[in-house]
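Let's take a walk through this structure, starting with its open spaces and ending with a pair of helices. Keep the 3D view at hand as you read.

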Amino acid sequence: MRTYYIFKINKYFSYVYKNKSYKLYKMIEEIYHVNKYDMVLTYKMYEQIALTFSKNEINIYIYNLYKDNEYYLKNKNTHIYSNKDEYSKLVINNSNLKIKSNVNNPIFFKDLNNYLDNIFVCDFLNKDYFWLDKIYKKDGQEDNIIVK
């Protein structure tokens, strides 16, 4: 099971770190591992790098995509897609989105890539990180998936 944390990076940081993913990952990882006594400093650091998500807008967007799908469930800010091959749980928070999944490429990745810009994905446990648009092209372009 993998846990992905998804961040909406502001335009300045996405421009500067688009080809320096490791450096961006290390900054976000430092925020992720912070001690409670450093919370104020950490929050200020986070605010410089990332933007908040609109929970309501993303909830509506995901719900409308999957409401008629038999493998989909929603409970408040949690969306679950579960079929015989995949189990993916998306939790929507203001500061980040969190996906727990048994697959490396959860179904929600494509949807988020089509809806949001400058999305950076981190799996801290496996030390994996990437820009979501480097994995998927936007809808309307020829191939949806670039890397499998």
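Start with the largest pocket, which has a volume of about 360 Å³. Keep in mind as you look that this is a predicted model. The pocket is lined by 14 residues, and those closest to its centre are Ile 31, Thr 42, Tyr 46, Ser 95 and Asn 96.

Where does the lining of this pocket come from? At least two residues each are supplied by strand E1 (2-9), helix H2 (21-32) and helix H3 (39-49). H3 gives the largest share, with four residues.

How many cavities of 30 Å³ or more does the structure hold? The count is one, and about 30 Å³ of space lies in the largest cavity. Around that cavity you'll find Phe 7, Ile 28, Ile 31, Tyr 46, Ile 49 and Ala 50. H2 and H3 are the elements that give two or more residues to this lining. By class, the cavity's lining has six nonpolar residues, and no polar or charged ones.

Next, move over to a pair of helices. Helix H4 covers residues 55-66 and helix H5 covers residues 107-115; the two pack at an angle of about 125°, with their axes 11 Å apart. Why call H4 oblique to H5? An angle from 65 to 115 degrees would count as roughly perpendicular and one over 145 as roughly antiparallel, so the angle between these helices makes H4 oblique to H5. Their crossing is right-handed.

Who meets whom at this contact? From H4 come Glu 57, Ile 58, Tyr 61, Ile 62, Leu 65 and Tyr 66, and they meet Ile 107, Phe 108, Asp 111, Leu 112, Asn 114 and Tyr 115 in H5. Sorted by class, the contact has nine nonpolar residues, one polar and two charged.

Notes. Residues are numbered from 1 along each chain as its sequence is written. This is a predicted model: local features need pLDDT of at least 70, side-chain atom pairs count only at pLDDT 80 or more; totals for chains, interfaces and linings use all residues. Side-chain values use heavy atoms; hydrogens and water are left out. On a 1 Å grid over the protein atoms alone, a cavity is a set of points where a 1.4 Å probe fits but cannot get out, and a pocket is an open set with protein on both sides within 12 Å along at least five of seven lines; lining residues have an atom within 4 Å of a point. Grid points are joined across faces, edges and corners, and a volume is the space filled by probe spheres set on the points. Axes are lines fitted to C-alpha atoms, for helices over the stretch in contact, and angles run from 0 to 180 degrees between N-to-C directions. Angles under 35 degrees count as roughly parallel, over 145 as roughly antiparallel, 65 to 115 as roughly perpendicular and the rest as oblique. A crossing is left-handed if the near helix is turned anticlockwise from the far one by less than a right angle, and right-handed if clockwise. Contact means heavy atoms within 4.5 Å. Ala, Val, Leu, Ile, Met, Phe, Trp, Tyr, Cys and Pro count as nonpolar, Asp, Glu, Lys and Arg as charged, and the others, Gly among them, as polar.
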